[in-house]
Amino acid sequence: MFLLGHSCWSYLFSKLTGRQVKVNLPSYMALLAGVLPDFDIYFKPLIQHHTYTHSLIILLPVCAVLVIRFKGLGLAFSAGILSHLVADSIVGTIPPLYPLSNFQLGISLGLPSPVDTVLEAGALGLVLVLAYLNGDYKLVTESQCESVYLVIPMVSIVTLTLLFAGDNNVSLAAFAFSRKALTLITLGHVVLIGTLGLGVVQGVRAIIVEGKQPAPAPQVP
Ligand SMILES: [Zn+2]
């Protein structure tokens with residue numbers, strides 16, 4: 001799955017899990033959690049893509065530590081991380097026992113494939129609906145400092161996509177428009193990045209406005 005789907009599925013898994021345990025994981029974290037397993041792309045060739053960071057015997061202990069340390073927030077964040085493995089095992093396979101075994105688990109419906117496109121574009125649609133219902137859309141429509149953190153998932157998605165394309169020696173434009181299914185995925189990435197970008201601008205605006213406000217006058221006793 002591409003980063004659009006990972007980020008969106010992560011948001012859905014994290015937010016819905018968070019709701020069950022009555023915590024509200026910040027949106028930038030909910031969008032980022034499911035992108036983390038693909039951070040191995042940053043460490044190429046030190047770490048081979050789709051190995052350690054896609055292994056259950058590595059991620060489950062990490063998630064256990066997060067849950068013990070951060071309770072409900074850790075659980076919501078972990079749900080986002082693990083959504084990555086669920087998604088990858090639908091369109092491809094994951095090595096759940098790496099490095100002990102190279103055994104691959106998954107139903108390999110294909111990437112790119114119509115199923116993948118539905119899963120990615122559908123997830124984006126659901127994210128927009130959920131963000132409307134839970135009020136997260138205000139991060140983009142209103143000027144507030146917290147929105148600036150959306151820069152973290154935004155930069156991750158953009159740089160990982162560029163590195164991934166670079167590694168595979170494909171021209172991004174040619175790749176993006178090579179198939180009808182991919183065109184929709186490309187459009188989805190543009191919508192997601194554009195929305196996050198707008199949020200970042202709102203955050204920066206709020207910070208500038210706050211910085212210009214005069215400091216409160218010292219209290220005279
Ligand atoms: Zn992956």
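1. The side chain of Ser-55 reaches the backbone nitrogen of Ile-57 at 3.3 Å, a polar contact in the sense of two N or O atoms within 3.5 Å, where within protein one must be able to donate a hydrogen and the other to accept it, and where residues adjacent in sequence count only if both atoms are side-chain atoms. The atom of Ser-55 concerned is a side-chain oxygen, and the contact sits at the start of H3.

2. The model is a predicted one, in which local features need pLDDT of at least 70 and side-chain atom pairs count only at pLDDT 80 or more, while totals for chains, interfaces and linings use all residues. Residues are numbered from 1 along each chain as its sequence is written, and side-chain values use heavy atoms, with hydrogens and water left out.

3. Ser-55 belongs to the loop between H2 and H3, and it counts as buried because its relative accessibility is 0% (buried is under 20% relative accessible area, exposed over 50%, partly exposed in between, with a 1.4 Å probe and protein chains only). Beyond its neighbours within four places in sequence, Ser-55 is in contact (heavy atoms within 4.5 Å) with Leu-85, Pro-95, Pro-96, Leu-97 and Tyr-98.

4. The zinc ion is coordinated by Asp-38 (OD), His-54 (NE2), His-84 (NE2) and Asp-88 (OD), at 2.1 to 2.4 Å; donors here are N, O and S atoms within 2.8 Å of the metal (3.2 Å for Na, K and Ca), and since water is not among the atoms, sites may look incomplete. Asp-38 lies in the loop between helix H2 (27-33) and helix H3 (56-91) whereas His-84 is in helix H3, so this pair ties together parts that are 46 residues apart in sequence. Both Asp-38 and His-84 are buried.

5. H3 deserves a check of its own. A straight helix of 36 residues would span 52 Å at 1.5 Å a residue, yet H3 spans only 17 Å between its end C-alpha atoms, the expected span being 1.5 Å times one less than the number of residues. H3 bends by about 145° at Phe-70, the bend being the angle between axes fitted to the seven residues ending there and the seven starting there. Helices (H or I, at least four residues) are DSSP runs, numbered from the N terminus.

6. For helix H1 (residues 3-20), the 18 residues should span 26 Å, and its end C-alpha atoms are 26 Å apart, which agrees. H1 is followed by Lys-22, whose phi is positive, near 60°.

Note on methods. Helix = DSSP H or I, 4+ residues; strand = E, 2+ residues; numbered from the N terminus.
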